[in-house]
Amino acid sequence: MILPIYVYGQPVLREIAKPVDLNMEGLDQLIADMYETMKNADGVGIAAPQVGKSLRIVIVDGTDIAEDYPELKDFKRVMINPEITEKSEETADYSEGCLSVPDINCTVTRPKRITVKYINQKRETVTETFDGFGCRMVEHELDHLDGHMFIDRVSQIRRKLIGGKLRKLEARNFRPRYKIK
Ligand code: NI
């Protein structure tokens with residue numbers, strides 16, 4: 001089921017999401033709905049708070065952009081209760097966008113590599129190191145679980161430049177391409 005995407009201004013996007021109880025009823029359905037919602041909106045990642053659920057679940061799927069980023073050919077992950085266990089000192093810059101912040105893109109600097117411990121959809125504990133654009137996708141989504149958005153991580157000047165657009169989003173004064181809340 002396609003769920004509405006919670007857009008900038010919704011308090012759930014600023015909450016610290018709660019750890020998932022693996023016996024939670026409807027967990028697989030929620031993951032399926034998040035996936036469908038992300039695909040419907042042409043997204044490459046989504047976090048549960050973006051569909052109004054304050055839970056520590058993220059999905060990333062780079063398979064649709066593998067033409068531009070060949071390393072993403074099989075890059076599709078469901079991460080439950082993810083934790084970053086290592087971050088590189090080295091950083092990378094990528095342009096980011098977000099389904100909860102439509103029509104805004106900004107370059108964001110983040111660690112180039114991270115190691116994440118998480119539970120996959122088969123309920124297996126996995127420790128994985130990410131690099132390149134896949135790492136960036138994961139970093140962006142994990143931020144959502146702690147109430148952060150990419151626009152918090154841009155320069156003061158850039159933030160000022162997008163201020164007007166953000167106010168329009170908050171006022172819902174724009175034309176969404178997908179169902180929003
Ligand atoms: Ni996002």
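This is a short tour of a predicted model, going from its sheet to its helices and then to its nonpolar cores.

Begin with the sheet. Select β1, β2, β3, β6 and β7: these 5 strands form an open sheet in the order β1-β2-β3-β6-β7, with antiparallel pairing. Now look at β1 (45–47) and β7 (125–130), which stand at the edges; each has a single partner strand, so one side of each has no neighbour in the sheet. From one strand to the next, the twist averages 35 degrees.

Next, select residues 57–61 and 76–87. These are β2 and β3, two antiparallel strands joined by 5 bridges. Within this pair, find isoleucine 59, with valine 78 of β3 opposite.

Residues 27–40 make up helix α1, which lies across β1, β2 and β3 and runs at about 40 degrees to β2. Then show residues 132–145, helix α2, which packs on the sheet and touches β1, β2, β3, β6 (114–119) and β7. The direction of α2 makes about 155 degrees with that of β2.

Now show side chains. Select Ile31, Met34, Ile46, Ile57, Ile59 and Ile80, the residues with the most contacts inside the largest nonpolar core, which has 20 residues. Two or more residues of this core come from each of α1, β2 and β3, and α1 gives the largest share, 5 residues.

Centre the view on isoleucine 31. Leaving aside residues up to four places away in sequence, isoleucine 31 touches Ile57, Ile59, Val78, Ile80 and Gln121.

For the last stop, select Tyr6, Val12, Cys98 and Ile162. They are among the 18 residues of another core, which lies apart from the largest one.

Note on methods: Residues are numbered from 1 along each chain as its sequence is written. This is a predicted model: local features need pLDDT of at least 70, side-chain atom pairs count only at pLDDT 80 or more; totals for chains, interfaces and linings use all residues. Side-chain values use heavy atoms; hydrogens and water are left out. Two strands pair if DSSP finds at least two bridges between them. Helices (H or I, at least four residues) and strands (E, at least two) are DSSP runs, numbered from the N terminus. Axes are lines fitted to C-alpha atoms, for helices over the stretch in contact, and angles run from 0 to 180 degrees between N-to-C directions. Contact means heavy atoms within 4.5 Å. A nonpolar core is a set of buried Ala, Val, Leu, Ile, Met, Phe, Trp, Tyr and Cys residues joined through side-chain atoms within 4.5 Å. Buried means under 20% relative accessible area, exposed over 50%, partly exposed in between (1.4 Å probe, protein chains only).
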